[in-house]
Amino acid sequence: MSLNKILNSLEKSWKRDDILLNIKKGLGTEQIVNEFLMKNERQIKELNSLLRPEDIDLLNQVEQLSTCESKLINEIKNLNYLENNGNHHILNQKRIVPSNRVSYNKISTFMINWSNKFVVIALLTISAIALSKQAWA
């Protein structure tokens, strides 16, 4: 199977709506990731065998990008929390001008469209690293 087919297949099995439902049901992120890895073990092993060193470098960069996205989401969430609690003096340097605010629907759509593939690639990176560590052990 080609690398593109594997990635497309894994992307289809990583349904964001289903994951959000699982999170709302109280499943932990590790449990969600482990279930994904178990369900797609064959494809992930095949993907791992097709990865070249430059692909691993790219996956590491995507992982860093996902970390940046997570930090950005936390900062936005913290800014919103601080605004709602009236701590305006803390926000003077980081304040978002109300006229430039984007509605939550637009932010949600942006994040879903922008980061969906990055999340899959980050998970694949993590699984590839884990599988390669197991292979060398």
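The questions and answers that follow concern a predicted model.

Q: What kind of model is this, and which values count?
A: The model is predicted, with pLDDT of at least 70 needed for local features and 80 or more for side-chain atom pairs, while totals for chains, interfaces and linings use all residues. Residues are numbered from 1 along each chain as its sequence is written, and side-chain values use heavy atoms, with hydrogens and water left out.

Q: How many helices and strands does the protein chain have?
A: The protein chain has 7 helices and 0 strands, and its elements run α-α-α-α-α-α-α from the N terminus. Helices (H or I, at least four residues) and strands (E, at least two) are DSSP runs, numbered from the N terminus.

Q: Why is Gln-43 called buried?
A: Buried means under 20% relative accessible area, exposed over 50%, and partly exposed in between, with a 1.4 Å probe and protein chains only. Gln-43 has 11% relative accessibility, so it counts as buried. Of the 137 residues of the protein chain, 22% count as buried.

Q: What is Gln-43 in contact with, leaving aside neighbours within four places in sequence?
A: Gln-43, found in helix H4, is in contact with Ile-6, Ser-9 and Leu-10. Contact means heavy atoms within 4.5 Å.

Q: What describes the packing of two helices?
A: Two packed helices are described by the angle between their axes and the distance between the axes. For helix H1 (residues 3-13) and helix H4 (residues 41-50), the axes come within 10 Å and cross at roughly 145°. The axes are lines fitted to C-alpha atoms, for helices over the stretch in contact, and angles run from 0 to 180 degrees between N-to-C directions.

Q: Which residues make the contact of H1 with H4?
A: H1 gives Leu-3, Ile-6, Leu-7, Ser-9 and Leu-10, and H4 gives Gln-43, Ile-44, Glu-46, Leu-47 and Leu-50. By class this contact has 7 nonpolar, 2 polar and 1 charged residues. Ala, Val, Leu, Ile, Met, Phe, Trp, Tyr, Cys and Pro count as nonpolar, Asp, Glu, Lys and Arg as charged, and the others, Gly among them, as polar.

Q: What makes a residue part of the lining of a pocket?
A: A lining residue has an atom within 4 Å of a point of the pocket, which is an open set on a 1 Å grid over the protein atoms alone, where a 1.4 Å probe fits, with protein on both sides within 12 Å along at least five of seven lines. Residues lining the second largest pocket include Trp-14, Asp-18 and Phe-36. H3 gives the most to this lining, with 4 residues.
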